[in-house]
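Biologist: Could you walk me through this structure, starting with whatever term I need first?

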Amino acid sequence: MPTLATIRVDKISTNDILNCLEPIWYDKPETANRVRARIGAVMDWCRVRGYCSGVNPASWRGNLDTVLPSRYKIQQPKHHEAPTIQELKTVVEYCMAHPSPVSGALLMVIATATRITEVRGALAEEIIHGIWNIPADRMKAKKPHRVPLSTLADVALSMAKDKGLLFTHQGKQLGSDSPRVKLTMIVGRKVTVHGIRSTFRDWCAREKVPDAVAEKCLAHAYGDKTVQAYFRDDLLDHRKSVMQKWADLMLK
């Protein structure tokens with residue numbers, strides 16, 4: 001606002017946009033890029049309405065990208081802090097000794113290497129003959145996912161309801177933060193529930209689980225678009241043995 005508020009929209013130049021962005025581009029690259037995008041959206045609206053014309057001064061490609069480095073080059077990626085195998089075994093032991101809906105949800109995440117959002121929304125009717133059938137609308141990839149259930153998953157389900165939402169608190173869906181709080185309390189440091197998936201993937205690599213099977217366990221797309229178009233088998237039988245081996249490790 002201090003930079004652009006008094007300038008007519010048809011007079012705003014790329015240099016004016018740079019005056020807005022450069023003070024924060026290197027220290028707060030994500031915020032700066034959002035500011036750029038929102039200015040760009042306003043300028044596009046003004047152009048369509050006839051208040052200005054020509055190239056959008058806030059556009060990135062062929063404009064600002066010639067004078068500012070990509071935010072990906074200056075922004076350090078923030079990875080989810082993952083628990084170690086031994087820490088996960090401690091979590092499993094604690095949760096089994098202190099059964100509750102939150103303990104059950106944590107065990108289910110560990111047992112299935114799924115996301116906590118998928119577990120929080122899990123319904124009893126989705127589990128059929130030892131397979132958890134997660135519908136597409138709860139999956140990040142928006143594709144249904146079958147999860148083979150191991151003996152550790154059976155322990156988790158012993159703490160769950162037998163109809164409706166599996167894991168609830170006072171009749172309602174578990175809060176999104178409850179599992180994380182319990183996990184960090186048990187482990188004694190700031191780890192994330194999502195980091196459990198990373199621990200599992202590292203274990204798969206060490207155990208020489210084929211990449212295709214490991215990625216299917218995590219419901220990740222495997223291969224490029226051509227491979228994905230032909231490779232439609234979800235490798236359920238292969239994944240079943242992997243998840244049981246993982247469960248055996250956790251229950252040692």
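Modeller: Before we talk about strands, one term is needed: two strands pair if DSSP finds at least two bridges between them. Please also keep in mind that this is a predicted model.

Biologist: How many strands form the open sheet, and in what order?

Modeller: Three strands form the sheet, in the order β1-β2-β3, with antiparallel pairing. Because β1 (127-128) and β3 (145-148) stand at the edges with a single partner strand each, one side of each is left without a neighbour in the sheet.

Biologist: And which helix lies across β2 and β3?

Modeller: That is helix α12, residues 236-250, which runs at about 45° to β3.

Biologist: Switching topic, how many residues has the largest nonpolar core?

Modeller: The largest nonpolar core has 54 residues, and those with the most contacts inside it include Phe200, Val242 and Trp246. Helix α5, residues 101-112, gives the most to this core, with eight residues.

Biologist: What is Phe200 in contact with, leaving aside its neighbours within four places in sequence?

Modeller: Phe200 is then in contact with Ala113, Cys217, Leu218, Val242, Met243 and Trp246.

Biologist: Back to α5, at what angle does it pack with α8?

Modeller: Helix α5 and helix α8 (residues 178-187) pack at about 85°, with their axes 9 Å apart, which means that α5 is roughly perpendicular to α8. In this contact, Val102, Ser103 and Leu106 of α5 meet Ser178, Pro179, Lys182 and Leu183 of α8.

Conventions
Residues are numbered from 1 along each chain as its sequence is written. This is a predicted model: local features need pLDDT of at least 70, side-chain atom pairs count only at pLDDT 80 or more; totals for chains, interfaces and linings use all residues. Side-chain values use heavy atoms; hydrogens and water are left out. A nonpolar core is a set of buried Ala, Val, Leu, Ile, Met, Phe, Trp, Tyr and Cys residues joined through side-chain atoms within 4.5 Å. Buried means under 20% relative accessible area, exposed over 50%, partly exposed in between (1.4 Å probe, protein chains only). Helices (H or I, at least four residues) and strands (E, at least two) are DSSP runs, numbered from the N terminus. Contact means heavy atoms within 4.5 Å. Axes are lines fitted to C-alpha atoms, for helices over the stretch in contact, and angles run from 0 to 180 degrees between N-to-C directions. Angles under 35 degrees count as roughly parallel, over 145 as roughly antiparallel, 65 to 115 as roughly perpendicular and the rest as oblique.
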